[in-house]
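Please keep the sequence and the model in view while reading.

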Number of protein chains: 2
Amino acid sequence: MPRITSVETVDLRFPTSLTQDGSDAMNKDGDYSAAYVVLHTEDPALSGFGFTFTIGRGNDLCVAAAAQRARPLVGRDVAELCDDLGGVYRELQSDTQLRWLGPDKGVVHLALAAVMNALWDLAARRAGVPLWRLLAEMSPEQLVDAADLRYLTDVLDRDQAITLLTAQESGRRQRIAELESAGYPCYTTSAGWLGYSDAKLRRLCEEAVAAGYKHVKLKVGADLDDDIRRCGIAREVLGPDGHLMIDANQVWEVHEAIEWVKALAEFDPLWIEEPTSPDDILGHAAIRKAVAPIGVASGEHGMNRVLFKQMFQAGALDYCQLDAARLGSVNEVLAVYLLAAWFGVPVCPHAGGVGLCELVQHLAIFDYVAISGSLERRVTEYVDHLHEHFVDPCVVRNGAYVLPAAPGYSAEMHRESLATYSYPDGSYWAARLGGELP
Amino acid sequence: MPRITSVETVDLRFPTSLTQDGSDAMNKDGDYSAAYVVLHTEDPALSGFGFTFTIGRGNDLCVAAAAQRARPLVGRDVAELCDDLGGVYRELQSDTQLRWLGPDKGVVHLALAAVMNALWDLAARRAGVPLWRLLAEMSPEQLVDAADLRYLTDVLDRDQAITLLTAQESGRRQRIAELESAGYPCYTTSAGWLGYSDAKLRRLCEEAVAAGYKHVKLKVGADLDDDIRRCGIAREVLGPDGHLMIDANQVWEVHEAIEWVKALAEFDPLWIEEPTSPDDILGHAAIRKAVAPIGVASGEHGMNRVLFKQMFQAGALDYCQLDAARLGSVNEVLAVYLLAAWFGVPVCPHAGGVGLCELVQHLAIFDYVAISGSLERRVTEYVDHLHEHFVDPCVVRNGAYVLPAAPGYSAEMHRESLATYSYPDGSYWAARLGGELP
């Protein structure tokens, strides 16, 4: 079998701050970026592709950290790595010196995600199947071996996780068939970025409804009068039966969140997303209690499985929005999906950014097939940005992700995109920076 | 007034893994390291020195992040910066792109600590006083302006914090006089590193008692039989009245922690430190309930003020061990001290590593003088390592820190130490690595 020969890392940045795509009350000028990792092997036809997502400055830190994280993989046999993805994850995660910089959070954890995402991509390519199917063909024991259950066993231990997965095993085939026919439902955030005008907001909401979406999400939290006007426009376009979600991107104190959300209650939002600090488990629980029946959603900044465990224990979330490139790759994502199912909380993954839609479609599909067995109150984010850079971009039809069929985790980007948007030497940035050091 | 002219950053690593100084059940081979920052000004006699602490690999990431964090300071007027340390902190902290990599955690937050520690050092040098005195001479309003209360106001708002500080204001002068006479009490961890033999453990415990220490801390968690034997030795040397603390450095699941600590209860430990994941607020609360009257201590990996807020809300800690170089410098440390006082939890700061003792002495002194006004159940860590590299090293006498008198935050290191231990080009590493790339 081939060995890993080298690790390629690329600092990729897309100049999204120019158009205010992605603007919200906290993140005003993001340049959507990826710390991109390629695991090359002795077989030129077999590589693994992965990344983590950032919004610009500091993407270089993730790239440098990914190179360190991936170093132990060079020279290793691909088959041995792919047959023990749990063991490899634990080996990289527990680096005795890098661990100090987390543990399991921030730059070193984002970098672990990039590297292990690439290894999962490699494993699926080697098996000749899309990632969701690789997972769907694993036994409950194999899945639990891959999942990172460390620090979770007071709530969910290995045997309980196996029991949970086994209960859904017989229905896997039928649920795959259902999704192959209908796709996995998604909602769009493309309509509601904070930097857009009212006219653009109305037009985009109308387009979303026409395209088959039943959910639309707006950014809120900068100015209450603006929010009331914008929510009114969206609700008017959606009609009483459409779902309106609002997203504050962490701008509020706990009591502010409660007051502000109550002021928007007349527009009947399905959820308030990221009302306060993503680390504030007890704060989310207090907000949830105060604003019910409006739901509370959070997770795109959920740093690790230990945070989510407590979010569930504290009854802090109605919707879990885990992030495929912030959690430590599929290994930790699996653990959070298992926890969510154990507590009966639906997972509606965060997407958008660069390539997050490409990743999370696999996870959402697998969740329905093998973990939760339910689509109820589940809808995955979709943002219509930057898909053109991907070799196997996600496809959305009638408000639903079409099941990806190509082998891998859909993470590979076009070589031309790397050549154009690598920072600061790619052709786009070289021209824009005009030789000036960034 | 002078301006900041440049930011110097140094990746400093000390080869402590060779002697197993600092070894514990989780951190087996740390090379104690500092991401060191110097803020140079137009006045050659006035610079600011700061750092964050790591244990080796990845220190380069903190150095690179610190350079990015500090960039907005270059060219700025020193007086304006030093007169608005809260505003500068908030400006650097809320970088709209770097924030994504946290927020307020991991590499970018460690780097913020290094940079803002240097700015606080500069402010104290400019005022010609040690940092603890700079703080002790600030009004309640000035202190609260500097403190980072964001996301805390559901528990402690600005007015409450001012009330708390005002209540202690009249006693400041008297408490300074007390500490000038007796010092601030500390305990030693130097005796109990996991890699040490029983004979060395016994000798070091005996030396600690002879030197006037009333507390000794042992590392536990690798092997229960070893722990029972080692705790027996320490308790025998300490006698029934000495305080024995035990430290598991995060190796246990919640239920394991409870069982293991109960098995060591016969040695009457004062506290169990870091029994499980540092992120597990509810886990710490469960352990605390189960092992009482043995106390629960944690905080050296406490990532930010939002975590500590919840630790206090959940009743998870008997002792708060905040870290001066992991929290976002004095600004965030102030917030955690205020929260701790509000909840009546004693703060016993984490120290050791490189230079943490030099920093935390200032904080502990200031806490007594102006925030808690109490020494009850308070004792600050002291580890006898690497002080020789500091220009103004901490001094411990009769088990107590002697009040530092030199201007600044005691963070400056000798130029020769930088030349020897900078990585990988310093003379020590160049010789050891023999020209090989690390």
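Helix α4 of chain B is mostly covered, since 19 of its 22 residues are buried. Here "buried" means under 20% relative accessible area, "exposed" over 50%, and "partly exposed" in between, computed with a 1.4 Å probe on protein chains only. Helices (H or I, at least four residues) and strands (E, at least two) are DSSP runs, numbered from the N terminus. The model is a predicted one, in which local features need pLDDT of at least 70 and side-chain atom pairs count only at pLDDT 80 or more, whereas totals for chains, interfaces and linings use all residues. Residues are numbered from 1 along each chain as its sequence is written, chains are lettered from A and ligands numbered from 1 in the order in which they are written, and side-chain values use heavy atoms, with hydrogens and water left out.

After the helix comes B:G128, whose phi is positive, near 75°.

How are the two chains related? A rotation of 180° with 0.0 Å of shift along its axis superposes chain B on chain A, with an RMSD of 0.0 Å. That is the relation of a two-fold axis. In chain B, the C-alpha nearest the axis belongs to B:G106, 2.1 Å from it. The superposition is by least squares on the C-alpha atoms of residues with pLDDT of at least 70 in both copies.

The interface can be described by its contacts, a contact being heavy atoms within 4.5 Å. By this criterion, 63 residues of chain B are in contact with 63 residues of chain A. Of the interface residues of chain B, 100% are also interface residues in chain A, so the copies meet through the same surface. Between them the two chains bury about 5,400 Å², 53% of it on carbon and sulfur atoms. In chain B, the residues B:R57, B:Q97 and B:W100 lose the most area to chain A, together 17% of what that side buries. Buried area is the accessible area (1.4 Å probe) that two parts lose on being put together, summed over both.

The rule finds six salt bridges between chain B and chain A, each a side-chain nitrogen of Lys or Arg within 4 Å of a carboxyl oxygen of Asp or Glu. A:K105 forms a salt bridge with B:D279, and the closest N and O atoms are 2.8 Å apart. Several elements of chain B, namely β3 (47-54), α1 (59-70), α4 (106-127), α11 (254-263), α12 (281-291) and α13 (305-313), each supply at least two residues of the side that touches chain A. The largest share of that side, six residues, comes from α1(B).

Strand β3 of chain B also contains B:T52. B:T52 is buried, with a relative accessible area of 0%. Not counting residues up to four places away in sequence, B:T52 touches B:S33, B:A34, B:A35, B:C62, B:L110, B:A114 and B:A325. The backbone oxygen of B:A325 lies 2.5 Å from a polar atom of the side chain of B:T52.

Most residues other than glycine have a negative phi, and most peptide bonds are trans. A:N249, in the loop between β6 (243-247) and α11 (254-263) of chain A, has a positive phi near 45°. A:N249 is buried, with a relative accessible area of 2%. A:E274 likewise has a positive phi of about 45° although it is not a glycine, and its place is in the loop between β7 (269-273) and α12 (281-291) of chain A. A:E274 is buried, with a relative accessible area of 1%.

Terms used:
Polar contact = N/O pair within 3.5 Å; in protein donor to acceptor, adjacent residues only side chain to side chain.
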